[in-house]
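Dear colleague,

Please find below the structure that I am handing over to you. My notes on what was found in it follow directly after.

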Amino acid sequence: MTSVVVIGAGVSGLTTAICLAEAGAEVRVWAERPPLETTSALAGAMWGPSFQQPMDKTLAWTEQSLRDFRALAEVPGSGVRMAPVLTVGELPPVEHLPPQATMIPDLQACTAGELPDGYPAGFRGTMPVIDMPVYLRYLTGRLAEAGVEIEIRRASTPAEAGPVVVNCAGLGSRELAGDDSVRPMLGQLVAVANPGLDEVFLELAASAETTHYVPHHDRVLCGGIAVADMWDTTPDPGVTERILERCGRVEPLLREAKVLDVWVGLRPDRPAVRVEAEGGVVHNYGHGGNGVSLSWGCAREAAALALRG
């Protein structure tokens, strides 16, 4: 039986540990923080197309993750549901969409009457939406059923954890893997009471601040912002105000919704997602804002590499 230590208890670490344990490996999870205190717990979150390098691999990982999330949407208590999504922006016609987008279930172009003011084009589709606190508890419970516990323990080097290690430390890989190409990409979300919304709204644009909101059962997570190389996780009231103004402009029901909380998290950004073996260490990090979208595809490949030795 292969013995493996997975470092990290965010979505990548937990998913990788599940893939290993359910393949018959003896697994331990080391983490500085429990799952509900990780950046993953703050995510919107939803599955969606990834345009990160290495492009051929992220395409395959995204497709695999879609299959897993569609199956999880049928599991009571998983926190995963298939939800309607409206995506808007400067978008090409359907026939010119890249393959990352064409895998979206039920994809169809919007008519002009379906678009909010100010947006030239849009598409509707059905995508997995994940309530992250519920989902992380589900993954933790699934690990427990496989006999795996999470140890709150810091690793200074991968070698300290054992001969076979999977590094899912996210931003911590700057130190753990000596990788200076990993940098923080700050995001801020505003949680408001759900006034009865079900559809996700997502603006695609190259600007640092865009508009999106993701409804869950009792709340709607509104965003967003992406600021590189920012380590301060103190919420910015000005950003909160702009997020609420933009989301309220698209959906009037959000204008009077009660603000429940404001969250700031640091996404582990990198020029390319890293899933590869390096001696006795398998790395699985650098997913940026696509950690959930890529989670099952990357986890299955990382687990296969670890089991191969």
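**Strand S5 and its neighbours**

Nine of the 10 residues of S5 are buried, so this strand is largely enclosed by the rest of the structure. Please bear in mind throughout that the model is a predicted one. S5 pairs with S3 in the antiparallel sense, over 10 bridges. Within this pairing, Thr 87 stands opposite Phe 123 of S5. A further antiparallel pairing, over two bridges, joins S5 to strand S4, which comprises residues 108–109. There, Gln 108 has Arg 124 of S5 as its bridge partner.

**The chain as a whole**

The secondary structure of the chain comes to seven helices and 15 strands. Its radius of gyration is 19 Å, close to the 19 Å that the globule rule gives for 309 residues, so the chain is as compact as a globular protein of that length. Taken along the principal axes, the C-alpha atoms fill a box of roughly 60 × 40 × 40 Å. Of the 309 residues, 52% count as buried. Among contacts between residues at least 6 apart in sequence, 74% join residues at least 24 apart.

Helix H2 has 18 residues and reaches 25 Å from its first C-alpha to its last, close to the 26 Å expected at 1.5 Å a residue. Its buried residues are Thr 58, Trp 61, Thr 62, Ser 65, Leu 66, Asp 68, Phe 69 and Leu 72. These residues pack against S3, S5 and H4, as well as strand S14 (274–278) and helix H7 (291–308).

Ser 78 is found in the loop between helix H2 (55–72) and strand S3 (80–89). Ser 78 counts as buried because its relative accessible area is 0%. The side chain of Ser 78 reaches the backbone oxygen of Leu 72 at 2.8 Å. Leaving aside residues up to four places away in sequence, Ser 78 touches Leu 72, Val 134, Tyr 135 and Tyr 138.

**Aromatic pairs**

The structure holds four aromatic pairs. One of them is formed by Tyr 135 and Tyr 138, which are stacked at 6.3 Å centre to centre, with 20° between the planes. Both tyrosines lie in helix H4, three residues apart, or about one turn of the helix. In general, an α-helix has 3.6 residues a turn, so residues three or four places apart point the same way. Tyr 135 counts as buried because its relative accessibility is 0%. Tyr 138, at 18% relative accessibility, is also below the 20% limit and therefore counts as buried.

Phe 201 and Tyr 213 form another stacked pair, at 5.6 Å centre to centre and with 20° between the planes. This pair links distant parts of the chain: Phe 201 belongs to strand S9 (residues 200–204) and Tyr 213 to strand S10 (residues 209–215), 12 residues apart. Both Phe 201 and Tyr 213 are buried.

Ring pairs also link Phe 69, Tyr 135 and Tyr 138 into a cluster. Phe 69 is one of the buried residues of H2, and Tyr 135 and Tyr 138 are among the residues that Ser 78 touches.

**Asp 131**

Asp 131 is placed in the loop between strand S5 (121–130) and helix H4 (132–145). With a relative accessibility of 13%, Asp 131 counts as buried, because the limit for that class is under 20%. Not counting residues up to four places away in sequence, Asp 131 touches Gly 79, His 216 and Arg 219. His 287 is 156 residues from Asp 131 in sequence, and the two are 19 Å apart in space, C-alpha to C-alpha.

**Helix H6**

At 1.5 Å a residue, the 14 residues of helix H6 (residues 237–250) should span 20 Å, which agrees with the 20 Å between its end C-alpha atoms. At the start of H6, a side-chain oxygen of Asp 236 reaches to within 2.8 Å of the backbone nitrogen of Gly 238. The buried residues of this helix are Val 239, Thr 240, Ile 243, Arg 246, Cys 247, Gly 248 and Val 250. What covers them includes S9 and S10, together with strand S8 (183–193), strand S11 (219–225) and strand S13 (259–269). S9 and S10 are also the strands that hold Phe 201 and Tyr 213, respectively.

With kind regards

Conventions. Residues numbered from 1 in each chain as written. Predicted model: local features only at pLDDT ≥ 70, side-chain atom pairs only at ≥ 80, totals over all residues. Heavy atoms only, no water. Helix = DSSP H or I, 4+ residues; strand = E, 2+ residues; numbered from the N terminus. Buried < 20%, exposed > 50% of the residue type's maximum accessible area, 1.4 Å probe, protein only. Contact = heavy atoms within 4.5 Å. Phe/Tyr/Trp six-rings, centres within 6.5 Å; stacked < 30°, edge-to-face > 60°. Polar contact = N/O pair within 3.5 Å; in protein donor to acceptor, adjacent residues only side chain to side chain. Expected span 1.5 Å × (residues − 1). Pairing = 2+ DSSP bridges. Rg over C-alpha atoms; globule rule 2.2 N^0.38 Å.
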